[in-house]
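Work through the exercises below with the model open. Try each task before reading its solution.

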Amino acid sequence: MDTHLLQELAAIVAPMPVLSTPEDLLVYECDGHTLDKAPPSAVVFPTTTEQVVAIVKLAHQHTIPFVARGAGTGLSGGALALDGGIIIEMCRMNKILSLDYVNQRAVVQPGLVNLHLSLAVSDAGYYYAPDPSSQGSCTIGGNVAENSGGPHTLKYGVTTNHVLGLEVVLPDGTLVHFGGATLDTPGYDLTGLFVGSEGTFGIVTEVTVRLLRKPQAWKTVLAFFPSAEAASNAVSGIIGAGIIPGALEMMDNLAIQAVEAAIQAGLPLDAGALLLIELDGIADGMEEDATRIADICRQHGCQGVRIAQDEAERALLWKGRKEAFGAVGRLSPNYYTHDGVIPRTRLPEALRRLREISATHHLRIANVFHAGDGNLHPLVLYDERDTAEVTRVLQAGEAILRTCVDLGGVLSGEHGIGLEKKNCMPWLFSDDDLAVMHHLRQVFNPHELCNPGKIIPLRGRCRCGAVTTDDAVTPAVQEAVAAALEGAHVRA
Amino acid sequence: MSALEGLATALESVVGNDALRTGAEVQDYAIDGVAPSLVVLPADEAQIGEVLRLAAAYKATVFPRGGGSHMSLGQPPTHVDLVLSVQRLQRQLAYEPADLTTTVQAGVCFTELQRVLRANGQFLALDPPVAATTTVGGIVATNLSGPRRLLYGTARDMLLGTAVISVDGTRTKAGGRVVKNVTGYDLNKLYIGSLGTLAILVELTWKLHPLPPGELTLGFGCAQAADLATVLPTVLQLPLRLSSLALLNAAACQAMAAQLGSTPEEAPYLLLVRLEGTPAVTQNQGQRLTEALRRAALGHPVTVYTWSTPEQAQLWEALAGLLYCEASVGLTPARLLVKVSLLMSDVPAFCQDVETLGARTGMAWPLAAHAGNGIVYVHIPIRQPEAPDVEQLLASLQALDQCVARYQGHRVLEQAPVAVKQHCQVWGPCRDDFTLMRAIKTSFDPQHRLNPGRFVGGL
């Protein structure tokens, strides 16, 4: 990047540094989605909204692409700076600006780590509901961009259900406010539209969120089944009976083996699948619901039930779930995670098809997922040093997503489309559907400087015929993929 | 006029003579007293597309309509070329109870849909004040909500997918049919509450909820507004499965007197608390709640009211009736209905302000709130509904606006005589996001022909 521009950036964020040497930039060439890589031209660390405004205005003025980045835990390449753009790293804006327990509101900066908010309000008896598995490191701003979920979203909803207001720096540097602490703001729901826009509509500098009272009681149950199909049927049975647990998670045999090897939670290694079911809320009536759930599980062939006897055991059971992805890393050097969603009732069929895909492509697939939502997380195991296997991984991934779409589902439940899945968007959306989305993006981001090249596959597909950055980035992305395939480390 | 005659002929060839209203028939479809030139009731999506393409060719303004129950919401239109009703799109397209989702056409009648869902032990967890004709499309377009929003939220928490016909006749969709989805921009949120200014809603996919196993409504009378500042947080912080927390002042209670039955008027504020669960659970919870409120440090102890199960249901119906903003043609509203949004903690002080404002006009202003959400409906009575004193009503509204501004809240004038609406901002002042809203409107509807002039900032 031009030295003069680097100096201008440095002047804005001083005394914070601006990173621009190749070795410094290496860290920022990808996020949690490691198959695509693109180094930024610089990384800046603003500490105030004013600095974000100044950086964006500078980029706008010089027509330089930019992308906001939180903790970089995203799994769809949303935080990649394509076209050699600037990464605006938001992690230094990590303060809780205000807490209002009576009204159950908090105003936070986007770089605040998700879990840190819940920890900060815990003693007062509150928490922030969206709980992605990466909540120990991912940021609220990143959650807003991706509309992140988590195990407890079955009952409590995803990020969009808990964000009430936003302060946003638009891609031309204008500062605007959407929604607020009060509800039903007149006009279009720009807060709702912005959440999940994957950093393509602007940069969030303040977030007003809803806090929830901590549940009075929990009941955490593990139920073991002979097969994933039996467990799936139990899931439909529970929801069909009118019980909405706080969480309803499934692990198949491969995942059980990995978790047991990692944390020795005493899981039966011969179980075909397990359900982790957590009831939460008021204590009244919870025992009855737990009994009903146990009955339903037994009706579907459940082989055994384990109920957490205390907080320590509950924590252990959840540890197995939350660290399952990491545990799967024991089974193979690398894995690729998908995030498709299907209607709950199609789970047995989806799991059968996943087994077929696994057999056809000679790949092991572990399943650890949000069964209650029908949100699959097939983890395709592979070794990146085996290039033929990597090719099969990509083909299997496509087959998995096709399956989700065939069964009436969608491409992503919580990880986002980003760079990773944008070319699959036409499987679900017509050119006209995508054109509406593209026109909307142009309202916010007319020059496509803000996180270009994400979500919408524009090349030759958009009726508006706009000049897009897509054409420009494709070779770079191909190169990045090639680099990835040539032995770059894919995080387990 | 000849241009519109041409449009009428063209429309007739698309929808047939039966589905086109002209001449005197259009009076029934007047919006704020402005009769449309034409009314069209297309049978399906394809016809809606054709109608919109014709409207574009004739540069006609198009006013979308569901059941017509809430057409008076918004700034009065100046003139209306074409009213486009989606009421004939009445099919339930998909319903898989075990998935807790359903896909319906926009013209499906809300109460009829609830009846179908109830038969399966489920419901769409919206309980807005509606008429028998109110459609699900209309509920989305106006973002209606009711007291159960405390537990279940509003349309934005339940709408999973939408299909719309754009102003140029193109059908597009967004979202999906699954309960969790981040595939593409969340246009559902944009369509909710957009008052038909962006596109015509034709298909909606909803997340459903199981019916609660039982409900219990208890009433608590408070002698003074100041006590509410203790009572409201006490109720909200107890571990309860609380689906509604309604607050009524004495004037609102009076309006509901018939349904409230034995409720004495000596309690200036009445709190209606609705709990969910099996009978054993709700009884237990009700008892604990009552004890907690009796223990609370209040200026005056609360009075506890109980009702029979049928009476409890009637109460909530009566509240809906109180908050329903009729749009019947030719009806002269007897009040201004103002929806105010505040922080919950500001509700008690605001109640007191409303008492003061009412006293200044020499009339008590009924107030009913979804108190847990900070949503307060204020009624400003009209002395002579046949000949309203517009100046005086505007002054009352202005006084209320100043009060709302002090709490950094906002308000929508949901119902008022046209003469009042013509002289005030129905949606309140625009904020710094209005430029963006206007650009979005223009992106969807470049010539501003969909419901023009009726939405926030004159969109």
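**Exercise 1: the fold of chain B**

Of the 459 residues of chain B, 56% are buried (20 or more other C-beta atoms within 10 Å of a residue's own, with C-beta atoms placed from the backbone). The model is predicted: local features need pLDDT of at least 70, side-chain atom pairs count only at pLDDT 80 or more, and totals for chains, interfaces and linings use all residues. Residues are numbered from 1 along each chain as its sequence is written, while chains are lettered from A and ligands numbered from 1 in the order in which they are written.

Solution. Step 1: count 15 helices and 19 strands in chain B (DSSP runs, H or I of at least four residues and E of at least two, numbered from the N terminus).

**Exercise 2: one helix**

Task: which residues of α11(B) are buried?

Solution. Step 1: α11 of chain B spans residues 309-323. Step 2: the buried ones are B:Leu315, B:Trp316, B:Leu319 and B:Leu323. Step 3: they lie on the same side of α11(B), because their arc around the axis is only 90° (from the directions from the helix axis to the C-beta atoms).

**Exercise 3: the contact with chain A**

Task: how many residues of chain B are in contact with chain A?

Solution. Step 1: 63 residues of chain B contact 67 residues of chain A (C-beta atoms, placed from the backbone, within 7 Å). Step 2: α15(B) gives the most to this side of chain B, with five residues.

How values were computed. Expected span 1.5 Å × (residues − 1). Buried ≥ 20, exposed ≤ 12 C-beta atoms within 10 Å, placed from the backbone. Contact = placed C-beta atoms within 7 Å.
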